Amino acid sequence: MNVRPLLITLSLCIAATPCGAQTLPDLGDISAATLSEQQEKTIGNRIMREVRIDKDYIEDPEIFDYINSLGQRLLATADTPHQDIDFFVVRDETINAFAMVGGHIGVHTGLILLTQTESELAGVVAHEIGHVLQKHQARFLAGQSKSSWTSLAALALALIASRSNSNQGAQVTEAAVATAGALQIQTAIDYTREHEREADRVGLTLLQRAGFDPRGMANFFDRMLKANRLNEFKGAPSYLRTHPLTTERIADIQDRIEHGREPILSMMSSDSFEYRLARARVRATSDVPSEAIKYFRAQLEDKTIVRPREEVYGLAVSLQRAREFDAAWNTLEPLLKGPNAHPAFLVLAGRIKADMRRDSEAFEIYRAALSAHPGYRALVYAYNELLQQTGRTRESLADLEERTRGNPDDARLYELKARAMEASGRSVGQHRAQAEAYFRRGNLAAAVDQLEIATKQVRGSDFYELSTAESRLRELRQQLENERAAEKALKIS
Ligand SMILES: [Zn+2]
C-alpha cells in the first residue's frame with residue numbers, strides 16, 4: 001500500500017483555507033486562532049525531518065532547483081505577505097501532489113511525467129500553494145479539538161516512517177489508520193471539497209499573474225478525470241482521493257478563466273526549456289537505465305533533422321547510468337557545441353569523462369563551466385567530488401571554504417567538506433562540518449551528536465577549532481531543548 005496519499009490527507013487536516021475573493025485575503029487572525037505559525041512550523045519541521053531521509057525524497061540539485069524556482073515564481077505573485085514555502089519532489093510513479101503543514105509542498109515524479117506542458121505542472125503547484133496560503137489545515141483544525149490534531153500529526157509521522165520500512169511497516173500503518181484515523185480522514189476529505197474550489201481560485205490567480213496559461217490547470221484536471229474514468233491508471237490516482245475532483249469543479253475553473261479579472265495574455269508562455277529538461281531528467285533517472293534508454297531512443301527515432309535537446313540529454317543521462325560511456329559521450333557531444341551549452345549538459349559531460357577515467361579532460365570541462373555558471377550547484381558538487389576522488393583534497397577544501405561563505409545554507413557543501421576533512425585526518429573539522437550539514441537539514445539532534453564527538457577529539461585539533469566547536473555545541477543544545485519542549489507541548493516528539 002502506498003502510504004503517502006493518506007499522509008497527504010492528514011497533512012491537509014493538520015495544516016491548511018477558503019475565501020471568496022479573487023485576490024488573496026489576509027487571514028492572519030484566523031490562523032492565529034487555531035494554530036500559531038510557530039506551532040505549524042514545529043509540526044512541519046518534525047515531519048520534514050522524516051521526509052528528507054526517505055529514500056524517495058529527491059536531492060538531485062537539478063530537479064530540486066527546478067521545482068523550487070517554479071514554485072517561487074508562482075508564490076512571488078501572491079498579494080499578502082506569506083510564510084516561506086518550499087518545494088520538493090518525491091520519486092513515486094503514482095500521480096500526486098500535496099501541501100503539508102508549515103508550508104512544504106511535495107510533487108510526485110509520476111505527476112511531473114503526466115503533465116504535457118509547463119502550465120499544467122504550474123497549475124498543480126499553484127493549487128497546492130493555494131491550500132497553504134489559505135491555511136486550509138489550520139481552518140480545518142478550528143473545528144477540531146486539540147487532542148485530535150496532535151494525534152493526527154503523530155499519525156502522519158508514523159505513516160512516513162512506515163514508507164521506508166517495507167511491507168511490514170505498511171501493514172502496521174494500515175491498522176493504525178483503520179483504528180485511529182479513519183474518521184478524521186473521511187472528515188478531512190469531505191472538508192476539502194470546499195477547500196478544493198478555494199485552492200483552485202487562488203491557484204488560478206497566481207498562475208495567470210506568473211504568466212502561465214491558466215487553461216493548463218483545467219486541462220490537466222480534465223485529462224486526469226477522463227483517464228480515471230477509462231481506467232487508464234493503475235488504481236485511482238492518489239491525487240483524486242486527496243483532491244476531490246468533479247466535472248463541476250473543472251467547469252468552475254473554466255468559467256473563472258473566461259470571466260475572471262486577470263487578463264489572459266494573448267501570447268502565453270510556452271514551456272521553458274528548464275521544464276522540458278527537468279522532465280527528461282526525472283524520466284532518465286527514474287526508470288531502470290535500459291528502459292529509459294529504450295524510451296528516449298523511441299522518442300528520437302524519427303527526429304533526424306531537429307532532435308529536441310532535452311531528449312538527447314535524457315538519452316545521454318540514461319546511457320551514462322547504464323555505464324555505456326562511449327555511447328553517452330557520442331550522444332551528448334553535439335549539445336556541447338557553441339558558447340551557450342546548458343550547464344546541465346556540461347555537468348554530464350564532466351561526469352562521463354570522469355567515468356572514463358579521463359580526469360584532466362573532466363577538470364577542464366568543469367573549470368570552464370564553473371567560470372560561465374559559478375552558482376550552478378550540480379556543477380559545484382561534481383567538481384568537488386572529482387577533486388576528492390583524485391586526492392586533491394586540499395584544493396577541494398579551499399574551494400568549499402569559499403563556497404560555504406557565499407552559500408551558508410547549502411547542506412551538501414558541508415557534507416562535501418566533512419568528507420574532505422575526514423580524508424585529511426582533521427576529525428574535529430570533519431564532525432563540525434557534518435554537524436552543520438545536519439543542522440541545515442533540520443536535524444538538530446544529529447548535529448548536537450556530531451559536535452559532541454568533535455569536542456571529544458584529542459588528535460588533530462587545535463585550541464581555536466575546539467573552542468569554536470564547544471560554543472556551537474552550547475548554542476545548538478539550547479535550540480534542541482527549545483525544539484523538544486515545543487514538540488512535547490504538541491505531543492509529537
Ligand atoms: Zn487540493
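At what angle do the axes of helix 21 and helix 22 cross, and within what distance do they come?

Mentor: Bear in mind that this is a predicted model, where local features need pLDDT of at least 70, side-chain atom pairs count only at pLDDT 80 or more, and totals for chains, interfaces and linings use all residues. Residues are numbered from 1 along each chain as its sequence is written, and side-chain values use heavy atoms, with hydrogens and water left out.

Now your pair. Helix 21 (residues 411-423) and helix 22 (residues 427-440) have axes that come within 8 Å and cross at roughly 165 degrees. (Helices are DSSP runs of H or I, at least four residues, and strands are runs of E, at least two, numbered from the N terminus; axes are fitted to C-alpha atoms, for helices over the stretch in contact, with angles from 0 to 180 degrees between N-to-C directions.) That angle makes helix 21 roughly antiparallel to helix 22 (over 145 degrees; under 35 is roughly parallel, 65 to 115 roughly perpendicular, the rest oblique). The crossing is left-handed, with the near helix turned anticlockwise from the far one by less than a right angle.

On the helix 21 side, A411, Y414, E415, K417, A418, M421 and E422 make the contact, meaning heavy atoms within 4.5 Å. Helix 22 answers with G429, Q430, A433, Q434, E436, A437 and R440. By class, that contact has six nonpolar, three polar and five charged residues (Asp, Glu, Lys and Arg are charged; Ala, Val, Leu, Ile, Met, Phe, Trp, Tyr, Cys and Pro nonpolar; the others, Gly among them, polar).

M48 sits in helix 3 (residues 37-53) and is buried, with a relative accessible area of 1% (buried is under 20%, exposed over 50%, partly exposed in between, with a 1.4 Å probe and protein chains only). Leaving aside residues up to four places away in sequence, M48 touches Y57, F88, M100 and H104.

Strand 1 runs parallel to strand 3 (residues 104-108), joined by five bridges, and V89 stands opposite V107 in strand 3.

How values were computed: Pairing = 2+ DSSP bridges.
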